[in-house]
Amino acid sequence: MASGSTIDALGQFELHPIFGSFGEALRLSQAPLFMAISSAVVLAFLYFGMKPKAVVPGRLQAAAEVSYDFVRGLAVDTIGEEKGTAFFPFIFALFFFILAGNYIGLLPFSYTFTSHIAVTFAMAITVFIICILTSLRFQGLGFFKHFMPEGAPVALSPILIPIEILSYISRPISLSIRLFANMVAGHVLLEVFASFTIMLAGLGVVGDVLAVTPLVLNIALTALELLVGLLQAYVFAILTCIYLREAVDH
Amino acid sequence: MRLTPRFLLSAAAPLAALPGRAVAEGMPQLHFKDPLLQGQVVWGALIFIIFYLLLSRSALPRVADVIKARETRIQSDLDLARRARKDADQAQKELCEAREKASEDAKATIQSIRETTREAIRVQAEETAARLEAEIKSAESQIALSRNNALSNINEIASSTAMTLAERLIGTADEKVIAAAVEQAHAAGAEHVS
């Protein structure tokens, strides 16, 4: 938060050891804590939601089923019936890991683990490696033919092949930076406007009146962040689906 | 506090301070040497794998089971309803057929009764007609007999009447002449009649 007359907008992304020296030895910070919380929330949502096993579902069960059907539809429609079903749990895990991370990170006193490039890049590189392995599994060495577009003049190959390879390799980078940058930008803005509110409120009556503006902005920003959090999780999941579709049948 | 240049400066200070601080300390996300930053990737991978395994082995199959059970249930209910409808259709068809058959039977019965009755009436009428015919015939023969009797007696009566008349008128009567005259008159009369 604000300290003195400066705004520490990036301090919220700092990692601190938890559970004392024991946690420090295990390199435990608030990031793994919130990853575990997010996963537990998603699992609890599914377990408690599906507990009644009702034919006519209640609210929570209906929500659990809708989320299941939504991600399943996403995977099956993009990748295909058979392979989409095989990849569905992975897509579901990715989507809800990111979504829960983004949303829980919006709560006060919490932490957004998707705002770390190391985390998002780890996820993106996992998707990238799975895509390459899937491509090799289903297409064999024919996979490498895609780096030379069909019908293009052979003379252009010295230019085309590096471009294609570069665009392929840039996928995990763009995938990870998109999520990371969106989350960082949103949280920096929230922090800056929150700091403005506090600083202006410290300036007396006029400041109190003026402080309303950043507060209102922050409320609107929170709504925007709810949209961004969902959208980024969706984008990550759908791009993974598209990459996997390319990997299974090209 | 009034809106002084000093106030504005202090309000604008954070904006100016922000980039400077960010550059000075850098983003914590880029401190790749931080053991906590490295640790979170390892922990994250571990948590994600556990999360994935729990989802794919336990949580998602539960949802799938419930959805599948519902689909099976709906399908079986639909099948049941379809079968019931088929049975009902069949029963209705049978009922219609039975009704048609009963109606035809009834028509046939009515027809046969009508025919029997008509036949009976006809027979009765014929019998009556035959009886009447016989009665008419016997009556006619009786009439003819009576008439013949009467006709056979007429000459005698006429002769005796003519004898009596002739005796009264002329005092004498030749029986033979009168009989011939009566015979002639009778013949003439019969000729006239026919």
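Reader: Which ring does the charged end of A:R72 sit over?

Author: Bear in mind first that this is a predicted model. The ring belongs to A:F88, and the charged end of A:R72 is 5.9 Å from its centre. There's another case to look up: A:R137 lies over the face of A:F138, 5.0 Å from the ring centre.

Reader: And how do I read two rings next to each other?

Author: A pair of aromatic rings is described by the distance of the centres and the angle of the planes. Over all chains, this structure holds 19 aromatic pairs. Take A:F34 and A:Y111: their ring centres are 6.5 Å apart and their planes stand at 50 degrees, so we call the pair tilted.

Reader: Where do A:F34 and A:Y111 lie in chain A?

Author: You'll find A:F34 in helix 2 (residues 30–49), while A:Y111 is in the loop between helix 4 (81–104) and helix 5 (117–139), so the pair ties together parts 77 residues apart in sequence.

Reader: Are those two buried or exposed?

Author: A:F34 is buried, with a relative accessible area of 11%. A:Y111 is buried too, at 4%.

Reader: Back to A:F88. What kind of aromatic pair does it form with A:F92?

Author: An edge-to-face one: the centres of A:F88 and A:F92 are 5.8 Å apart, with 75 degrees between the planes. Both sit in helix 4 of chain A, four residues apart, or about one turn of the helix. Zoom out a bit and ring pairs link A:F88 and A:F92 into a cluster with A:Y68, A:F70, A:F95, A:F96 and A:Y234.

Reader: Now for the two chains. How much area do chain A and chain B bury between them?

Author: The size of an interface is often given as the accessible area lost when the parts come together. Here chain A and chain B bury about 4400 Å², with 78% of it on carbon and sulfur atoms. On the chain A side, A:R27, A:Y47 and A:L203 lose the most area to chain B, together 14% of what that side buries. The contact takes in 57 residues from chain A and 45 from chain B.

Reader: Which residues of chain B does the "coiled-coil region" annotation cover?

Author: The unreviewed UniProt entry puts it on residues 122–149. In the model that span of chain B is 100% helix and 0% strand, and its end C-alpha atoms lie 39 Å apart.

Technical notes. Residues numbered from 1 in each chain as written. Chains lettered and ligands numbered in written order. Predicted model: local features only at pLDDT ≥ 70, side-chain atom pairs only at ≥ 80, totals over all residues. Heavy atoms only, no water. Phe/Tyr/Trp six-rings, centres within 6.5 Å; stacked < 30°, edge-to-face > 60°. Helix = DSSP H or I, 4+ residues; strand = E, 2+ residues; numbered from the N terminus. Buried < 20%, exposed > 50% of the residue type's maximum accessible area, 1.4 Å probe, protein only. Lys NZ or Arg CZ within 6 Å of the ring centre and 35° of its normal. UniProt positions renumbered as here; feature names shortened; annotations may be inferred. Contact = heavy atoms within 4.5 Å. Buried area = accessible area lost by both parts, 1.4 Å probe.
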